[in-house]
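Have the viewer open as you read.

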Amino acid sequence: TPSGEQPDRFGVAFYVGEPSLAGALEAYDKGEYEEARSIVSRLLTSGRLPRSEYGGPLYVLGAVKIDDAQQQGVPVRRRIEFLIASRYLTEARACGLPAARAAKAYYQLGLSLIESGQFADGVQVLNELAADPQFEDRSIAIDAQRLLVETHLRMPHPRIDEALRHNDELVANPDLTNDVRGA
């Protein structure tokens with residue numbers, strides 16, 4: 001497994017090797033969220049990781065918390081899980097995100113801020129993502145535009161003009177296929 005845990009002949013896992021960010025990301029990508037959380041925990045408590053490299057592990061914890069939130073059936077608990085995710089992801093952004101995950105991390109941060117009721121902060125993050133061409137994965141920027149449309153409509157004081165502006169930008173996007181546009 002990515003963390004270096006191997007089952008013994010009785011099926012009990014034992015640890016071999018060093019935990020790594022690559023291992024945690026691999027486990028996360030495979031949907032092995034508890035494994036990813038465990039690797040990050042060992043990585044952060046090992047004392048070998050300099051503070052300047054905490055961004056990646058904190059990103060993994062925030063991403064895993066989003067999954068926890070999405071699995072939560074109780075609205076109040078769901079909001080709390082998204083709040084925790086937003087805090088991990090905010091700290092990850094401050095420490096430095098893995099370059100290959102930056103666009104996804106911005107989207108996840110915006111989503112978690114919005115879902116935890118921090119609309120203004122979430123809109124700001126998603127606007128940065130949608131407008132910044134440095135993010136190579138433009139499909140994530142398209143998802144950010146969609147979320148911005150939805151968010152502006154469901155805010156406590158809906159911003160119809162902003163929702164329409166984002167919707168117009170979304171429909172005008174050349175990267176949007178006709179299947180997605182509904183044509």
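Predicted model: local features only at pLDDT ≥ 70, side-chain atom pairs only at ≥ 80, totals over all residues.

Two packed helices are described by the angle between their axes and the distance between the axes.

| Helix pair | Axis approach | Crossing angle |
|---|---|---|
| H3 and H4 | within 8 Å | roughly 165° |
| H4 (residues 75-95) and H5 (residues 102-115) | within 8 Å | roughly 140° |
| H7 and H8 (residues 160-172) | within 8 Å | roughly 160° |

Let's start with H3 and H4. Their axes cross at roughly 165°, and angles over 145 degrees count as roughly antiparallel, so that is the label this pair gets. H3 passes H4 in a left-handed crossing. On the H3 side, the residues in contact include Leu 58, Tyr 59, Leu 61, Ala 63 and Ile 66, and they face a set in H4 that includes Phe 82, Ile 84, Ala 85, Tyr 88 and Leu 89. By class, that contact has 13 nonpolar, three polar and five charged residues.

H4 also packs on H5. How are H4 and H5 oriented to each other? They're oblique, with the axes crossing at roughly 140°. This crossing is left-handed too. Among the H4 residues that meet H5 are Arg 78, Phe 82, Ala 85 and Leu 89, while the H5 side includes Tyr 106, Gln 108, Leu 109 and Leu 111. The residues of this contact split into seven nonpolar, four polar and four charged.

Next up is H7 with H8. These two are roughly antiparallel, and their crossing is left-handed. H7 brings Ile 142, Gln 145, Arg 146, Leu 148, Val 149, His 152 and Leu 153 to the contact, and H8 answers with Ile 160, Glu 162, Ala 163, His 166, Asn 167, Glu 169 and Leu 170. The tally for this contact is seven nonpolar, four polar and three charged residues.

How much space lies in the largest pocket? About 150 Å³. Which elements give two or more residues to its lining? Helix H3 (55-71), H5 and helix H7 (138-154) do. The lining is made of Tyr 28, Tyr 33, Ala 63, Ile 66, Asp 67, Gln 70, Lys 104, Tyr 107, Gln 108, Leu 111, Ile 140 and Asp 143. By class, these are seven nonpolar, two polar and three charged residues.

Note on methods: Residues numbered from 1 in each chain as written. Heavy atoms only, no water. Axes fitted to C-alpha atoms, helices over the stretch in contact; angles between N-to-C directions. Helix = DSSP H or I, 4+ residues; strand = E, 2+ residues; numbered from the N terminus. Parallel < 35°, antiparallel > 145°, perpendicular 65-115°, else oblique. Left-handed = near helix turned anticlockwise from the far one by under 90°. Contact = heavy atoms within 4.5 Å. Nonpolar A, V, L, I, M, F, W, Y, C, P; charged D, E, K, R; others polar. 1 Å grid on protein atoms, 1.4 Å probe; cavity = no way out; pocket = protein on both sides within 12 Å on 5 of 7 lines; lining within 4 Å. Points joined across faces, edges and corners; volume = space filled by probe spheres on them.
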